[in-house]
Amino acid sequence: MKLTWVDVRTCPTKSAVLEEALHIKVDGILSDSAADFDGLPPTVRKILFPTGKSLPDDFGQADVVIVVPDEHGQLDELAAAHPEIEFGQYVEITDAATLDEACRSARSNQWSLLYFRDPTKIPLEIVIAAAAGSSGKLVTIAQDVTEAEIIFGVLEHGSDGVMLAPAAVGDTTALKDAAADGSPALDLVELTVTATEHVGMGERACVDTCTYFRKDEGILVGSHSKGMILCVSETHPLPYMPTRPFRVNAGAIHSYTLSAEGRTHYLSELKSGSKVMAVDTSGRTRMVTVGRVKIESRPLISVDAVAPDGQTVNLILQDDWHVRVLGPEGVVLNSTELKPGDTVLGYLPTQDRHVGYPINEFCLEK
C-alpha cells in the first residue's frame, strides 16, 4: 500500500476532512500548525510543515517535520538537536537545479516532499530512478485524485506516497482507493467440463488491452455472474497467424467479466479506456486498461462445467480451435477440443449483480 498524506493547511472543511481521514486510516496528516495534531490518535503520522514561517520552539505531537534548508537549517543539524523527530526536505522542482536538489534529497534524506511545477512526469521519473536503493521515502504533491493515480504508477514503481489537499469530503477516500497496491488475489477452483454444444452464429468480443499478458494469464468470463472460466490471452503460438499477447478472445457479448472495485461488466460494455481484471492460474490479479474491443459475428460454442460443490458454470466462446481456456498449472486447452471430464480453471463469485455491482438479493440465472 502506498502512503497517503492529507494536507489540511487550507482546508475549508477541516473537521469533516479530518474525520474522514481518520476513519479510512490515512497514513499522515500535514499541517503548518502543531495545534491541529491535538487529539489525533497515535496511529496516524503527524507532519508539521511550517511553510513561510520559522520553526517553532515546540514541535508538539509532530512525528515528522518538513523543512526548507535555506529557511530552517540543515537536516542533519536539526536531527542532532531533536533526535525524537524525523526530518524531511521540501523541494519545488522548476528547473534543472531544483531537479538535482530533489534527486540529492531522495538519495540522502529520510523524507522528501516534492512538488513538480510542470505537468510532465519526466522529472518524477528521474527522481524515482535516482532514489533506487535508498531507504528514504518520496511523497509527491498531487492537485487531484486523477493526478495521484498517475503519480502512483510512474515508472511502474511510482512515488512512495502522495499528498493531497482535499477540495471536498470524499477526496480523501478516493486518494486511499488510488493508493491500493494492486488488486486482491482470487480463489480459483477446478471445474469439470460436462458438455459442449455448437450453438450457431452470434457476436463475440476480442478484448484488446494496453498490456502484455503472461502465458498463464487471461480474464475470467462467464454467462452467469456466479460462475466464470479463465480465458487465456493469445500469448501462445498459433498456426496461420501471429501471436497477439495483448488480446483475449473472450466470449459472446452477453458474458460477464470482472473489472475494478469488485464490479462486473458485460463484454459488450467494454470500450477504450475501460478496466478489466487480468488473472493468472495462481489467482493473482491486476487491473489492465482496454485499448479496444472487437465485436464480430462468428460461430459460437457453449461450454458447460461443474464445480466440486455442484454449482454449474457456462461460457459461450467463438467456435474455433484457436480460442482457448486455461486449466490447472497453466495447461492451455483449445475450446473446440474440450470434452466431458476435462478440467478448466474458474471462479465462483458469491453475490448476485445489479448493473455490475454485487448485491444480496434473489436472482435466478439460467
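In which order do the eight strands close into a barrel? The strands follow the order β1-β2-β3-β4-β5-β6-β7-β8, and their pairing is parallel. This is a predicted model, in which local features need pLDDT of at least 70, side-chain atom pairs count only at pLDDT 80 or more, and totals for chains, interfaces and linings use all residues. Residues are numbered from 1 along each chain as its sequence is written, and side-chain values use heavy atoms, with hydrogens and water left out.

View 1. From one strand to the next, the twist averages 25° (axes are lines fitted to C-alpha atoms, for helices over the stretch in contact; angles run from 0 to 180 degrees between N-to-C directions). Strands (E, at least two residues) and helices (H or I, at least four) are DSSP runs numbered from the N terminus.

View 2. Strand β1 (residues 3–7) pairs in the parallel sense with β8 (residues 161–164) over four bridges; pairing requires at least two DSSP bridges between two strands. L3 stands opposite G161 in β8. Helix α7 (residues 171–179) packs on the sheet and touches β1 and β8, contact being heavy atoms within 4.5 Å. The direction of α7 makes about 160° with that of β1.

**View 3. Helix α5.** This helix (residues 122–130) lies across β5 (86–93), β6 (111–116) and β7 (137–142), and runs at about 165° to β6.

**View 4. Strands β9 and β12.** Five bridges join β9 (residues 189–209) and β12 in the antiparallel sense, and A205 stands opposite G251 in β12. In β12 (residues 247–252), six of six residues are buried (under 20% relative accessible area; exposed is over 50%, partly exposed in between; 1.4 Å probe, protein chains only).
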